[in-house]
Amino acid sequence: WPIDLGLAVFPAATIEGAGGKVRFDAGWAGVMLCTPSLRAGHVRLFGCLGPEVGLVWAKGIGFDENLSEERALVQGTAKLRLIVPLVDPIQLHAGAGLVVPFRRDRFRVAQDDGEVQLLFGPAPVGGSVELGLGFGIP
């Protein structure tokens, strides 16, 4: 059974709220166990299941008091992958998947009147679409 190693780093996203902004960055790594491939010629199709762990960083900008937070990111992932060989050993990888966060940390800011505003909270289930290049190891 093949093993899939993954690494993801996301570019910063900024959310405005309560008189300032919060910049979010995220990155994670994962190890998944994959099913044996279904083959059509050199094209392979298979499924993978496993955990992903990483960090989410949040940094306040423009508030009276700017705070920074780091939170652990822990999620389970199930993916369907397609691999098409291009020029040995380079391969085209495409995939789609479901992500279930095991930790659902929410990021909030307190307004001047004491009311708390939710800026970000992960959904109970998310989706992913992937397209990339990889190297085949015999």
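1. Cysteine 34 and cysteine 48 are both buried, where buried denotes under 20% relative accessible area, exposed over 50%, and partly exposed the range in between (1.4 Å probe, protein chains only). The model is a predicted one, in which local features need pLDDT of at least 70 and side-chain atom pairs count only at pLDDT 80 or more, while totals for chains, interfaces and linings use all residues. Residues are numbered from 1 along each chain as its sequence is written, and side-chain values use heavy atoms, with hydrogens and water left out.

2. The sulfur atoms of cysteine 34 and cysteine 48 are 2.1 Å apart and form a disulfide, a term that requires a pair of cysteine sulfur atoms within 2.5 Å. By this rule the count is 1 disulfide. The link of cysteine 34 and cysteine 48 is right-handed, with 100 degrees about the S-S bond. Because cysteine 34 lies in strand β2 and cysteine 48 in strand β4, the pair ties together parts that are 14 residues apart in sequence. Strands (E, at least two residues) and helices (H or I, at least four) are here DSSP runs numbered from the N terminus.

3. Which residues make up the largest nonpolar core? This core has 11 residues: Val22, Phe24, Ala26, Trp28, Val56, Ala58, Phe63, Leu73, Phe107, Val109 and Leu119. At least two of its residues come from each of β2 (20–34), β4 (43–61) and β7; β2 gives the most, with 4 residues. A nonpolar core is understood as a set of buried Ala, Val, Leu, Ile, Met, Phe, Trp, Tyr and Cys residues joined through side-chain atoms within 4.5 Å.

4. Valine 22, a member of the largest nonpolar core, is in contact with Ala13, Thr14, Ile15, Ala58, Lys59, Phe63, Val109 and Leu119 when its neighbours within four places in sequence are left aside. Contact means heavy atoms within 4.5 Å.

5. Strands β7 (residues 107–110) and β8 (residues 116–120) run antiparallel and are joined by 4 bridges; two strands pair if DSSP finds at least two bridges between them. Opposite phenylalanine 107 stands phenylalanine 120 in β8. The hairpin of β7 and β8 has 5 residues between the strands, and glycine 114 there takes a positive phi near 90 degrees.

6. Leucine 118 is found in strand β8 and is partly exposed, with a relative accessible area of 47%. With neighbours within four places in sequence left aside, leucine 118 is in contact with Arg106, Phe107 and Arg108. The C-alpha atoms of leucine 118 and arginine 108 are separated by 4.4 Å, the two residues being 10 residues apart along the chain.

7. How many aromatic pairs does a search of the whole structure find? The search finds 1 aromatic pair. Phenylalanine 10 and tryptophan 28 form this pair, which is tilted, at 5.0 Å centre to centre and 35 degrees between the planes. It links distant parts of the chain, with phenylalanine 10 in strand β1 (residues 3–17) and tryptophan 28 in strand β2, 18 residues apart. Rings of Phe, Tyr and Trp (its six-membered ring) pair if their centres lie within 6.5 Å; planes under 30 degrees apart count as stacked, over 60 as edge-to-face and the rest as tilted. Phenylalanine 10 counts as partly exposed, at 41% relative accessibility.

8. The structure holds 7 salt bridges, each a side-chain nitrogen of Lys or Arg within 4 Å of a carboxyl oxygen of Asp or Glu. One of them joins the side chains of arginine 81 and aspartate 4 (2.3 Å, N to O). Since arginine 81 lies in strand β5 (residues 68–87) and aspartate 4 in strand β1, that pair ties together parts that are 77 residues apart in sequence. Arginine 81 and aspartate 4 are both buried.

9. In a further salt bridge, the closest N and O atoms of arginine 23 and aspartate 25 are 3.0 Å apart; arginine 23 counts as partly exposed at 37% relative accessibility. Glutamate 69 and arginine 71 also meet through their side chains in a salt bridge (3.3 Å, N to O), and glutamate 69 is partly exposed, with a relative accessible area of 34%. Salt bridges that share partners join Asp4, Glu52, Lys79, Arg81 and Glu130 into one network.

10. Aspartate 88 and proline 89 are joined by a cis peptide bond, with omega about 10 degrees. Proline 89 has its place in the loop between β5 and β6 (90–101).
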